[in-house]
Amino acid sequence: MHSNVISLISIGAHPTSGRPRRAEQDARAVELGLQLAGAQLQVLHAGDVAEPALRAYLGMGLEQLHVLEQPAGADALPALTQYLRHAGAQVVLTGSQAETGEGSGMLPFLLAENLGWPLVVGLAQVESLGDGVAHVLQALPRGQRRRLKVRLPFLATVDNAAPKPRQSAYGPARRGVLETDQVLVVEDELFTGSSLQPAKPRPKRLKVIKAKSGADRMKAATAKASGGTGQVLKGVSPEAGAEAILKLLIEEGVVR
């Protein structure tokens, strides 16, 4: 396996307490990187070198971690693009979405676009690297996998289908070295000019009958409603029809 593998990491947040921690998907990106490159793996973070949560990644067995030093509210994309253009990496692994900050999941797509590299979404395993191509397994819904052939260099996002990260040990976390690079700071105006608020629960979806054959669909369409509360509206005014629809949506819990 090649050693020129870079894993990108960010600061995570515990789902209950909100305390800083290593991000779950980013830790999986580091785990996959360690399986590919071993001690030669390079781990890269754009942000504050003084953040204690960074040492949790060092505790996975890394001797050092590279930080592109920039303050909160700075845009990580220009710094990462500039660094990766000259790093000579063949594989760059990231989590699919950050747990803190904007968390839009757009960074891997924008980074791949800037570098002109192919992007693999939902990487589960890298089978082989060599001769300018990689053979990888991509995770699909319901536990399925798809084998892909990708040209090098490429960027990949890692989610929960990738190997579970190893535990972080206290000793290596203390001994590991944090190396810093001073980079040009570009303010992320879209993020700093916005206010964050907790996400609202998504609306409840109506039950949809999933039938495979035409006979099943016909049976579902012609079967009597089990509740017996349905009503057929014919020749009613638009207002009365709208009122009946609204009443149904409230009963189903779609509208409160």
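Ala 53 is buried, because its relative accessible area is 9% and buried means under 20% (exposed is over 50%, partly exposed in between, with a 1.4 Å probe and protein chains only). This is a predicted model, in which local features need pLDDT of at least 70 and side-chain atom pairs count only at pLDDT 80 or more, while totals for chains, interfaces and linings use all residues. Residues are numbered from 1 along each chain as its sequence is written, and side-chain values use heavy atoms, with hydrogens and water left out.

Ala 53 sits in the loop between β4 (42-47) and α2. Helices (H or I, at least four residues) and strands (E, at least two) are DSSP runs, numbered from the N terminus. Beyond residues up to four places away in sequence, Ala 53 touches Ile 11, Pro 20 and Arg 21. Contact means heavy atoms within 4.5 Å. Glu 31 is 22 residues from Ala 53 in sequence and 17 Å away in space, C-alpha to C-alpha.

The largest nonpolar core has 35 residues. Such a core is a set of buried Ala, Val, Leu, Ile, Met, Phe, Trp, Tyr and Cys residues joined through side-chain atoms within 4.5 Å. Val 30, Leu 93, Leu 123 and Phe 154 have the most contacts inside the largest core. Elements giving two or more residues to this core include β1, β5 (64-69), β7 (119-130) and α1 (24-37). α1 gives the most, with seven residues. Val 30 contacts Ser 7, Ile 9, Leu 41, Val 43, Tyr 57, Met 60 and Leu 62, leaving aside neighbours within four places in sequence. A second, separate core has 17 residues, among them Ile 6, Ala 46, Ala 79 and Leu 84.

Ser 7 lies in strand β1 (residues 5-9). Ser 7 counts as buried because its relative accessibility is 0%. Its contacts outside four places in sequence include Val 30, Gly 33, Gln 42 and Leu 93.

Next, the surface. Met 106, Phe 109, Leu 110 and Val 121 make a nonpolar patch of about 320 Å². Patch residues have over 30% relative accessible area and no salt bridge; nonpolar side chains (Val, Leu, Ile, Met, Phe, Trp, Tyr) are joined within 5 Å, and like charges within 9 Å. A salt bridge is a side-chain nitrogen of Lys or Arg within 4 Å of a carboxyl oxygen of Asp or Glu. Areas come from the Shrake-Rupley method with a 1.4 Å probe. Phe 109 belongs to helix α4 (residues 107-115). At 41% relative accessibility, Phe 109 counts as partly exposed.
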